[in-house]
Amino acid sequence: MNTAPRHQTVRLGFLWRAAGAPIGCVLALAMGVVLADSGDAGRMGAVPALLLSSAAVLGVALPVPYGFWLRADDHGLTLVRAFVPRRYRWRDIQGLTMDAGQDADSGAHRLVLLLRLTSAPRRTARGARDAHLNGPVLGILGTTRDGLPRGTEPRRLAELFDLLRRHGVPLDDRRYADLVLTAHGYPALAHTAPGASLSARPAARPDAA
C-alpha cells in the first residue's frame, strides 16, 4: 500500500518577514492621531502611548508571515499570500523565475522568486505575437554581489526547491538552487529523476513541514 503523503506544505513566512510592518506602522500612526485628538495620550503619558503603538505594529506584523505558504498535491499548487489562496494547475506552471538584480532604491543585491505562468499570446505594440510570461511572486531574497546565497539559507527554501523540482518545474538558476539544496542534504538538480511526482516519492523527511 502506498503510504506516501498526497500533499506537502512549505511555509513561506521567511520570505515575507516584513510584510506586516507597513500595515502595522499605519495602524500605529492612526492610533497615535486618535489618542492625541481625544486627549488620551496626554492622560496616559508618552511612554504608555509609545508602548501601545509598538504593540499595534507587532500585533499586525507577527502573524502575517504565517499567512504565506505553498501546498502541492497531485493536481497542482495552492499558493496562500496574506491568507488569500490561489490555485494553479501543474500544466499551467512553466517554471520558477529566479531574477537576480539590484534594488532600485537601496542598491542591495536580491533574488526575486516568481512562479512563471504562460498566458495566451498577446499583441505587442508592433503587432507581433508575443508569449507573455507572468505569475505570482513567491518572495525576495538577499544575495551576494555574484547572485549567490549570503550564507546557509533557511531549510524552507530547500524544501520549496525540492518540492517544485520533484514535480518537473524548472528552476531558472540551477547554481543557486543547487547550493541551497545540497546545504540541507537534498540532492542537486542533476540527480532529480525525470518525471518524478510527489505521490511517487518516499515519505517526506521527518523534519519537513
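Helices (H or I, at least four residues) and strands (E, at least two) are DSSP runs, numbered from the N terminus. This is a predicted model, in which local features need pLDDT of at least 70, side-chain atom pairs count only at pLDDT 80 or more, and totals for chains, interfaces and linings use all residues. Residues are numbered from 1 along each chain as its sequence is written, and side-chain values use heavy atoms, with hydrogens and water left out.

Threonine 182 lies in helix H5, and because its relative accessibility is 47%, it counts as partly exposed, a class between buried (under 20% relative accessible area) and exposed (over 50%), found with a 1.4 Å probe on protein chains only. Although threonine 182 and alanine 158 are 24 residues apart in sequence, their C-alpha atoms are 8.3 Å apart in space.

Alanine 158 is one of the buried residues of H4, a helix that is mostly covered, with 10 of its 12 residues buried. Just after H4, glycine 168 takes a positive phi of about 75 degrees.

Leucine 160 touches Val10, Leu12, Leu70, Leu113 and Leu138, leaving aside residues up to four places away in sequence, where contact means heavy atoms within 4.5 Å. In soluble globular proteins, nonpolar side chains tend to be buried together.
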